[in-house]
Amino acid sequence: YRLRMKEDMYCEQLCITNLGRGEAKGVSPNKMVRAIRKNYHNNWIVDNLSSATKVEDETTVTTRYWQGFPIGFIATDTMKAYVHNHVNIEIQYHAVETETDKFRIVRFVVEPFSIKHDFAPAEDDDDDATDTDSVTNFKVAEIENPIASCNPLIKDDRKEHTNYDMVYGRGRDPQLASGKVLFTYDVKWTENKELHWASRWDVYLSMDNAIPDKVHWLSIANSLVIVFVLTAMIAAILVRNLRRDFHRYNRLATDEEKAEDLEEFGWKLVHADVFRPPSFSPLLLSVACGSGAQILCMAIATLLFSAMGFLSPANRGALLMAQLLLYVMMGCVSGYISARLYKTFKGKSWQKATVFTALGFPGICFTLFCLMNVMALTQQSSDAVPFTTMVILILLWFGISTPLVFFGAYFGFKQEA
């Protein structure tokens, strides 16, 4: 896709793609059809702003600010899959007040259409062109049945952008998700002086009030009521059993009970087993509890910072980086909890427990991460993490997290068991 600032485009051609065999009984559908039937969506980003979706019909126009836009749809009459091979890219901007000839994007909306283009591939088709600034009127095909926005006989100053009436006019059909398909797009720039840069994410966070606040509070209240009711039921059962046990222990024993050496029952059977070391591996349990406490503290701190507005969705990757840094900083909690619990179990190998806490869970995660990264590199995926980032992760692990684990373990072993 080629976008130039403040330059409208009409029915720009993108590429020709063979989507595969058509739908038929007894024949496995192609990959595009399967994706459409599974309700796959495209999630596009322009200037770090996610795309909203505009859906238009004969009477209404609806804009949705979540989940991107669908790659196609299933017709209600034929139950066949149709692909959205044309999009209207609508971008709103405003001028920067402190600088001249500088603009900021404040809204990004995509309106998908399905248009059956009858076309003949162009002889000078060049999909490998890299100098996008020199490419004007990029064409890969000659459209034989152009709609008004694609008609080359109409000058740009008299053209209109693709709309519902053009696409679904008389004699027009949507594009089946099979065979060779021509993909096209429009670009429309609109100045919006009222929407400020700092407020451009507000409509995404509120989802344009698609779900009223009353519904959110009702869901929260419903969850709290369920938690309180279940807690009250469990508490009532425990109190009843404890009272029965106390009553039996406090009453005078009969001669028969004295002869039988009244056996312990109820809570006395388990009161001595609460902190009894496990028979398998007290060290493993201590390490697991320490790692779990570290993750729990990281999650709570992340939620608090997000609720206070420090982690904005406008900064992509901020949430992941915050979780990583908070996890590293919570190493002292992991060391303290594991050391305290291991000492309660009368453990003696405190150096081994501390080393396993510092290297155990992070080591497993880092090994899996490296394996997935190697697979991404072999497939030449853009998701592959560069080598410098891997080095930074190792430095965070051994330079900050591990010393903090030993620091917390020192205070944990100093405490009385």
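Leu296, Ile300, Leu304, Phe305, Met308 and Phe310 form a nonpolar surface patch with about 640 Å² of accessible area together, where patches are made of residues with over 30% relative accessible area and no salt bridge, nonpolar side chains (Val, Leu, Ile, Met, Phe, Trp, Tyr) being joined within 5 Å and like charges within 9 Å. The model is predicted, so that local features need pLDDT of at least 70 and side-chain atom pairs count only at pLDDT 80 or more, whereas totals for chains, interfaces and linings use all residues. Residues are numbered from 1 along each chain as its sequence is written, and side-chain values use heavy atoms, with hydrogens and water left out.

**Overall structure**
- The secondary structure comes to ten helices and 14 strands, taken as DSSP runs (helices H or I, at least four residues; strands E, at least two) and numbered from the N terminus.
- Buried residues make up 33% of the 417 residues, with buried meaning under 20% relative accessible area, exposed over 50%, and partly exposed in between (1.4 Å probe, protein chains only).
- The accessible surface comes to about 27300 Å², of which 59% belongs to carbon and sulfur atoms, as given by the Shrake-Rupley method with a 1.4 Å probe.

**Surface patches**
- Phenylalanine 310, a member of the nonpolar patch, is found in the loop between α6 (282-307) and α7 (318-329) and counts as exposed because its relative accessibility is 57%.
- A patch of positive charge on the surface gathers Arg21, Lys31, Arg34 and Lys38, with Lys and Arg counted as positive, Asp and Glu as negative, and His and the chain ends not counted.

**Salt bridges**
- A search of the whole structure finds five salt bridges, each a side-chain nitrogen of Lys or Arg within 4 Å of a carboxyl oxygen of Asp or Glu.
- Arginine 200 and aspartate 47 meet through their side chains in a salt bridge (3.6 Å, N to O); arginine 200 lies in the loop between β14 and α3 (202-205) and aspartate 47 in the loop between β3 (45-46) and β4 (49-50), so the pair ties together parts that are 153 residues apart in sequence.
- Arginine 200 counts as buried at 4% relative accessibility, whereas aspartate 47 is partly exposed at 39%.

**Lysine 188**
- Lysine 188 lies in strand β14 (residues 180-191) and is partly exposed, with a relative accessible area of 36%.
- Leaving aside neighbours within four places in sequence, lysine 188 is in contact (heavy atoms within 4.5 Å) with Asp8, Ile89, Glu90, Ile91 and His161.

Conventions: Charge placed at Lys NZ, Arg CZ, Asp CG, Glu CD.
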